[in-house]
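Hi,

Here is the structure I promised to pass on. Have a look at it first, and then read my notes below.

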Amino acid sequence: MIKPLEDIFRRADIPSRPPIWLMRQAGRYLPEYRKCRAQAGDFLSLCYNSDLASVVTLQPVERFDFDAAIIFADILLLCDALGQELWFVEGEGPRLTPIQRCDDLVIDNIETHLAPVGETIMRVRKALSPDKTVIGFAGAPWTVASYMIAGCSTQYQGQALALMRSDRVAFQGIIDILIEATIRYLVLQVQAGAEVLQLFESWGGSLRGNEFTDFAIAPATSIITGLRARGVTVPIIGFPRGVNHDFYIDYAMSTGLDGLGLGSDIDIVSISKCVAGDIVIQGNLPPETLRVGGDMLITAAEDICSALESRRFIFNLGHGILPDTPLENVQLLVDYIHSR
Ligand code: CP3
């Protein structure tokens, strides 16, 4: 049985076509998602309802024949599990009661609080065809901390940077608890059936110089080392979106990851030249190009595929699918990759 997505990490040769899945492949652009979302009431209830979350996880794979199903959940569920109140404001995004230190965070409830995510994974694995892979994920500590400190989405992570620069001990305390909580959350996901993991460092681009080393590379290294020490053997993809060329290379070469996710703003060819051949590259079609569709989409997809012809890679976007993406464009892309 060939499972294209897992296989890419283990094989030595290059397959005739790359495996494909898309970030945010389950979501608002799908009418069947919007139906389940309405049924659940709000986004968080949907995440914690294993019955509906597993249905929503499977929807894009059933409709488009992606090679993998990424579990429907959110990186911020971990904050909720640590005891920091989390809610989503319709049309705006996440809200948390902001914190400045780790004193009130409680690590003991990770497994009980996040058990519904494990249940979703078990249901998805059971229902999914055996040639498809289940992807589990978590946010990387810096990205998650940026929401915990600001209490909402921010453009430049100013509040989190201010705490890092003014009270390094307090900031490090938050990062340390997130490292341990993330390891436990990902172990839970693998025990439930996750076969590949992705670590989202969505705001890596706002860290400068040593900050990137200390708060992106070091935590990712601790998480990957911690997972391996606890017997986790599945491939791990790191995705430090928005960082510069040298930071991508450092992240790829020093954290112990198996796959490197690339954002759309970086040249895939120049990264590919500098990253060891045993690391699988993933990316990096702009979500806007998927939204446009047609010849422009196929030309851009073809460019990425031919640029990475000589190495093992995973076709993906450089960021999540935009909610107003036409369904036929997604089908066109998957059919194009499958026909290569
Ligand atoms: O299909 C999938 O990719 C799996 C599910 C998934 C979601 N969020 C569902 C979601 C994954 C992997 C994430 C990761 C995530 N969540 C990240 C990292 C990736 C990135 O986008 O940079 C971040 C930063 C978050 C935090 C988050 N969740 C924000 C800022 C928002 C609001 C903005 C938005 O896009 O609506 C969310 C909500 C969210 N997470 C939705 C979905 C499908 C939209 C919820 C809805 O209204 O239905």
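Predicted model: local features only at pLDDT ≥ 70, side-chain atom pairs only at ≥ 80, totals over all residues.

Residues are numbered from 1 along each chain as its sequence is written, and side-chain values use heavy atoms, with hydrogens and water left out.

The ligand

An N or O atom in the side chain of arginine 37 is 2.6 Å from an oxygen atom of the ligand. For serine 202, a side-chain N or O atom is 2.7 Å from a ligand oxygen. Glutamine 25 uses its backbone instead: a polar atom there is 3.3 Å from an oxygen atom of the ligand. On its own the ligand has 880 Å² of accessible area, and the protein covers 88% of that (areas by the Shrake-Rupley method with a 1.4 Å probe; for residues, only the protein chains shown count as cover).

How many residues surround the ligand? There are 25, and the closest are Arg24, Tyr33, Arg37, Asp74 and Ser202 (near means that a heavy atom of the residue lies within 4 Å). Helices (H or I, at least four residues) and strands (E, at least two) are DSSP runs, numbered from the N terminus.

Two positive phi angles

Aspartate 65 has phi near 70°, a positive value in a residue other than glycine. Aspartate 65 sits in the loop between α4 (50-64) and β1 (68-70), and at 36% relative accessibility it is partly exposed. The cut-offs are: buried under 20% relative accessible area, exposed over 50%, partly exposed in between (1.4 Å probe, protein chains only).

Glutamine 157 is not a glycine either, yet its phi is positive at about 60°. You'll find glutamine 157 in the loop between α8 (141-150) and α9 (158-166). Is glutamine 157 buried or exposed? It counts as buried, because its relative accessibility is 2%. Its side chain makes a polar contact of 2.9 Å with the side chain of serine 206, a residue in the loop between β5 (196-200) and α11. Serine 206 is buried too, at 12%. Leaving out neighbours within four places in sequence, serine 206 is in contact with Trp142, Tyr156, Gln157 and Leu161 (contact means heavy atoms within 4.5 Å).

A few other spots

Threonine 133 is in strand β4 (residues 133-139) and is buried, with a relative accessible area of 0%. Beyond four places in sequence, its contacts include Lys3, Leu5, Asp67, Arg125 and Glu195.

Phenylalanine 88, in strand β2 (residues 86-89), is partly exposed at 27%. Apart from residues up to four places away in sequence, phenylalanine 88 touches Phe43, Leu44, Asp74, Gly93 and Pro94. Its C-alpha atom is 32 Å from that of threonine 255, 167 residues apart along the chain.

Finally, glycine 226 lies in helix α11 (residues 210-229) and is buried at 12%.

Cheers

Definitions and conventions. Polar contact = N/O pair within 3.5 Å; in protein donor to acceptor, adjacent residues only side chain to side chain.
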